[in-house]
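Subject: A structure for you to explore

Hello,

Here is the structure I promised to pass on. Have a look at it first, and then read my notes below.

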Amino acid sequence: MNTPLPPAEELALIDRELAQLDARRLYLLGRRDWLLRLLLQPGGAPAPVRWGQAGPAGPAKEASAPSAQNVLLTLGAVLLAVAALAFTLVSWGSMGIAGRSAVLAAVTAAALGAPVLLLRRGLRSTAESVAAVGLLLTVLDAYALYAVGMPDTNGTGYAAGAAAVLAAAWAGYGSGLRKLRSPLPAAVAAAQFALPLAALAARPGPQALGWALLATAALDAALALRVRAAAALAAVTGAGALLIGLAQSWSAGSVAQAVAPAALLLAAAALGVAAAWREPRASAAALVGALAAVGGLWGGGPGAPGHPLEG
């Protein structure tokens, strides 16, 4: 304990070193808290703490609790849905119509209502998972309604109506819970089947299917500014209509038989040009539209009278 410094100076030196150690400890605790939150919540990384900047006073808070809670709630929701589906499928044969409907309706209502409470608690990822399970259950509800209540109904027509109803219901659900990202894209995806299936049910054939796909593409193009997935779906359905029109035009044996495919191709061309005019970045749509217009004006197939490739 013998030092060359006087006791007063040594005491002052110790106090300064202790103050520096306390400041360093607070900085390291703040840095540790920021790193934990950065690793466990990559979507909402906080502002970085620079070297030399003091961290928040007080002990560091446990940052892993909210993330662990989200994981546990997500797993619990998925396991609950799996258990309900297993119970329904196993007991389906021994349950009456009322029991089957009650089980599916209760599970679906619980799965669709739970995200409301989860969003209020800030558990967005868990709400997304539960909502996705609820949307899947509505598809099972539609199938159960057909299998139990309307087995003699035309399957294609019922599927078209169910797709339209589900698309409208999912869109309303997503509009009511705007924090959820999955319902609106799911509604747009379900709407892709409504018109094509309805066309096949009313008038089976490639022409009706082509016009239904083109109408669906037009609706997707109108929704592309609000739902990003609609642009890709518009390209897919529009390409399907274009391929049908080209195939029918090429296989036409006469100019009269090529009139209907030509009309489809010209309509597809108009849609492509309109999409490119509305969205300048979709310049490829204008090029496809021009090619479709050329195909529509080309006329019948190689065997048609007056065709440039007539042998």
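In which hand of crossing does helix 5 pass helix 7? The crossing is left-handed. Please keep in mind that this is a predicted model.

Let me start with that pair of helices. Two packed helices are described by the angle between their axes and the distance between the axes. Here, helix 5 (residues 155-176) packs against helix 7 (residues 194-202) at an angle of about 160°, and the axes lie 8 Å apart. Because angles over 145 degrees count as roughly antiparallel, helix 5 is roughly antiparallel to helix 7. On the helix 5 side, the contact is made by Thr156, Gly157, Ala159, Ala160, Ala163 and Ala164. Helix 7 contributes Ala194, Leu197, Ala198, Leu200 and Ala201. Sorted by class, this contact has nine nonpolar residues, two polar ones and no charged ones.

Threonine 216 sits in helix 8 (residues 206-223). Is threonine 216 buried or exposed? With a relative accessible area of 3%, threonine 216 is buried. A polar atom of its side chain lies 2.8 Å from the backbone oxygen of alanine 212. Setting aside neighbours within four places in sequence, threonine 216 is in contact with Ala191, Gln192, Leu195, Pro196 and Thr237.

Threonine 138 belongs to helix 4 (residues 124-149). Threonine 138 has a relative accessibility of 12%, so it counts as buried. Not counting residues up to four places away in sequence, threonine 138 touches Thr108, Leu112, Leu166 and Trp170.

Enjoy exploring!

Best wishes

Key:
Residues numbered from 1 in each chain as written. Predicted model: local features only at pLDDT ≥ 70, side-chain atom pairs only at ≥ 80, totals over all residues. Heavy atoms only, no water. Helix = DSSP H or I, 4+ residues; strand = E, 2+ residues; numbered from the N terminus. Buried < 20%, exposed > 50% of the residue type's maximum accessible area, 1.4 Å probe, protein only. Polar contact = N/O pair within 3.5 Å; in protein donor to acceptor, adjacent residues only side chain to side chain. Contact = heavy atoms within 4.5 Å. Axes fitted to C-alpha atoms, helices over the stretch in contact; angles between N-to-C directions. Parallel < 35°, antiparallel > 145°, perpendicular 65-115°, else oblique. Left-handed = near helix turned anticlockwise from the far one by under 90°. Nonpolar A, V, L, I, M, F, W, Y, C, P; charged D, E, K, R; others polar.
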